[in-house]
Amino acid sequence: MIDLVVLCTAAFLAGGLNAIAGGGSFLTFPALVFTGVPVIAANATSAVAVFPGYASGALGFLGELRSFDRRMLLRLVGLSVVGGVAGSLLLLVTPASVFNWVVPWLLLFATILFLLGGRINSWIVSRGKAESNGWLTTLLVSIYGGYFNGGLGIVLLALFSAQGMRDLNLMNGLKNVLSFVLSAASVLTFALAGVVYWKEAIVMMMAATVGGYVGARLARRMPVAMVKLIVIIVGLVMTTVFFMRSI
């Protein structure tokens, strides 16, 4: 019962955080590890838990997405599928001991990205140049997302800025579309490999969906800066905890 409460609470809050500012995986992944799920399975199950929210997020930007070049969108989607599968396969062949060592560094990296995301995007925009090897960076970002979902939204926004995009609504829409496609490829790979804890995943998916709905309503009232501060604090705390576990 305690495990169920922990998982539902973490997923509910994660759904709300993703709707407002992102960073939900800072809660779902540690919660699964806390309840006894092995780290690699916890990472896979966490990806399943937050997966449905990306689709609803993309629907909110349909107008902007319809105006986007269809060939470019198909190319981005294709690269996301390839990268998502490659990243998830890389996770599956990573020894648990190695992933235990890597996790706190990934959490720290994601937390720093979340903290500096706005500055990173501003710096890229100030360069005023479009990234010439956009396909390669898109593939690398997708591999990262398939391997570890934390901070993916910030990385994608920085990627779009580097490719010369300036419409924030379009960028958010693309971020949600690629996150959904990438996560779908990862979830399918994890499911076929049999590493997903489905009982926990289904419960968390339902809680995250409710949390996302509540979070979307709160987004109009709660200062985003406050929510971002909460995400950063949670990220730093979880990073510290996992560093202590890896010692």
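Author: Helix α7 (residues 134-147) packs against helix α9 (residues 168-193), with their axes 9 Å apart and at an angle of about 45°. This is a predicted model, in which local features need pLDDT of at least 70 and side-chain atom pairs count only at pLDDT 80 or more, while totals for chains, interfaces and linings use all residues. Residues are numbered from 1 along each chain as its sequence is written, and side-chain values use heavy atoms, with hydrogens and water left out.

Reader: What does that angle make α7 to α9?

Author: Axes are lines fitted to C-alpha atoms, for helices over the stretch in contact, and angles run from 0 to 180 degrees between N-to-C directions. Angles under 35 degrees count as roughly parallel, over 145 as roughly antiparallel, 65 to 115 as roughly perpendicular and the rest as oblique. The angle here is about 45°, and therefore α7 is oblique to α9.

Reader: Which element gives the largest share of the lining of the largest cavity?

Author: A cavity is a set of points on a 1 Å grid over the protein atoms alone where a 1.4 Å probe fits but cannot get out, and lining residues have an atom within 4 Å of a point. The largest cavity holds about 60 Å³ of space, and its lining includes G145, G146, L182, S186 and F190. Two or more lining residues come from each of α3 (39-59), α7 and α9. The largest share, 4 residues, is from α9.

Reader: What is the volume of the second largest cavity?

Author: Among the residues lining the second largest cavity are S25, F29, N43 and A47. The elements giving two or more residues to this lining are α2 and α3. A volume is the space filled by probe spheres set on the grid points, and for this cavity the value is about 40 Å³.

Reader: How do the residues lining the second largest cavity divide into nonpolar, polar and charged?

Author: The largest share of this lining, 4 residues, comes from α3. The residues divide into 4 nonpolar, 5 polar and no charged.

Methods
On a 1 Å grid over the protein atoms alone, a cavity is a set of points where a 1.4 Å probe fits but cannot get out, and a pocket is an open set with protein on both sides within 12 Å along at least five of seven lines; lining residues have an atom within 4 Å of a point. Ala, Val, Leu, Ile, Met, Phe, Trp, Tyr, Cys and Pro count as nonpolar, Asp, Glu, Lys and Arg as charged, and the others, Gly among them, as polar.
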